[in-house]
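Subject: Structure handover

Hello,

Here is the structure for you to look after, with its sequence. Please keep it open while you read the notes that follow.

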Amino acid sequence: MTEQTLIILKPDTVQRGLVGEIIQRIEKTTLKIVAMKMVYASKEQAGTHYADDKEWLISVGEKTLKSAEKKGIKLSRTALEQGQWVRQMLMEYITMSPSVVMVIEGHNAVAKIRMLCGGTSPQEASPGTIRGDYAIDSYMLADASDRPVQNLIHASGTVEEAKREIKIWFNENEIHTFKRVDEDLIYRKG
Ligand code: GDP
Ligand code: MG
């Protein structure tokens, strides 16, 4: 299935000069960059992207509670409270300095890019993934420091999430239709 997914190279990627490294990894998969720009996200964009959506807030919070539980730590916040707290910090993080936003297209693009990114917490992300190779942050360190986990990259979690997110960052005329020269080989019919 040909899909599109949204990527944000977050402020820590831009500030650490890792934009090129990460784009190279994405391009090498043969997935196609169909839109890309640098943005200084507004509070409004940040608030729409990290939506005030109960289901998502709970899913964000649950990841942390599970990670803490594995370490034998019991957190006092509920999953929803944790998610709401993280959302506030994410809005500040994503607006603190410029990011690079991209739309990536290709066969199973959403799942492939998520695999390339690795798990949310770099501490637990596998070596070979972007978060595993270029960051060391953890839920515990980030929470204790009152900031979101600095994990370099955002990537849409589902095709539906991607459709919603792409509209926040791009106008239709900024998303390009073109063919890469290697597509005849990659999508070759026998
Ligand atoms: P992702 O899809 O892997 O990026 O993860 P989520 O959508 O669940 O969370 C969005 C972002 O919030 C993550 O990429 C982290 O930057 C941050 N984050 C998520 N959970 C926590 C948390 O429990 N504590 C802190 N400090 N940051 C978090
Ligand atoms: Mg997510």
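**Salt bridges**

With a relative accessibility of 38%, Glu124 counts as partly exposed; that term covers the range between buried (under 20% relative accessible area) and exposed (over 50%), computed with a 1.4 Å probe on protein chains only. The model is a predicted one, in which local features need pLDDT of at least 70 and side-chain atom pairs count only at pLDDT 80 or more, while totals for chains, interfaces and linings use all residues. Residues are numbered from 1 along each chain as its sequence is written, chains are lettered from A and ligands numbered from 1 in the order in which they are written, and side-chain values use heavy atoms, with hydrogens and water left out.

Lys71 is also partly exposed, as its relative accessible area is 47%. Glu124 and Lys71 form a salt bridge, with 3.7 Å between the closest N and O atoms. A salt bridge here is a side-chain nitrogen of Lys or Arg within 4 Å of a carboxyl oxygen of Asp or Glu. Because Glu124 is in the loop between helix 6 and helix 7 and Lys71 in the loop between helix 4 and helix 5, the pair ties together parts that are 53 residues apart in sequence. Helices (H or I, at least four residues) and strands (E, at least two) are DSSP runs, numbered from the N terminus.

How many salt bridges does a search of the whole structure find? The search gives ten. As background, side chains of opposite charge can pair when their charged atoms come close.

Another of the salt bridges joins the side chains of Glu183 and Lys32, at 2.8 Å from N to O. Glu183 belongs to helix 10 (residues 183-186) and Lys32 to strand 2 (residues 32-39), so this pair ties together parts that are 151 residues apart in sequence. Both Glu183 and Lys32 are buried.

Arg147 and Asp137 form a salt bridge too, their closest N and O atoms being 2.6 Å apart. The two are ten residues apart and link distant parts of the chain: Arg147 is in the loop between helix 8 (139-144) and strand 4, and Asp137 in the loop between helix 7 and helix 8. Asp137 is buried, its relative accessible area being 6%. Lys32, Glu105 and Glu183 are joined into one network by salt bridges that share partners.

Which residues of helix 6 (residues 109-117) are buried? They are Ala109, Val110, Ile113, Leu116 and Cys117. These residues lie on the same side of helix 6 because they cover an arc of only 130 degrees around the axis, the arc being that of the directions from the helix axis to the C-beta atoms. They pack against several elements, including strand 1 (2-9), helix 2 (19-28) and helix 9 (159-169). Contact means heavy atoms within 4.5 Å. Gly118, which follows helix 6, has a positive phi near 85 degrees.

**Helix 4 and helix 5**

The axes of helix 4 (residues 54-70) and helix 5 (residues 79-94) come within 7 Å and cross at roughly 100 degrees. Axes are lines fitted to C-alpha atoms, for helices over the stretch in contact, and angles run from 0 to 180 degrees between N-to-C directions. The two helices are therefore roughly perpendicular to each other; angles under 35 degrees count as roughly parallel, over 145 as roughly antiparallel, 65 to 115 as roughly perpendicular and the rest as oblique. Among the residues that meet are Trp56, Leu57 and Val60 in helix 4, and Leu80, Val86 and Leu90 in helix 5. The residues of this contact divide into nine nonpolar, five polar and three charged. Ala, Val, Leu, Ile, Met, Phe, Trp, Tyr, Cys and Pro count as nonpolar, Asp, Glu, Lys and Arg as charged, and the others, Gly among them, as polar.

**Single residues**

Ile23 is in helix 2 and counts as buried, at 13% relative accessibility. Leaving out residues up to four places away in sequence, Ile23 touches Leu9, Ile33, Met36 and Met102. Met36 is in strand 2 and is partly exposed, at 45% relative accessibility.

Asp146 and Leu152 both sit in the loop between helix 8 and strand 4. Asp146 is not a glycine, yet its phi is positive, about 55 degrees. Leu152 has a positive phi near 70 degrees, and is likewise a residue other than glycine.

Regards
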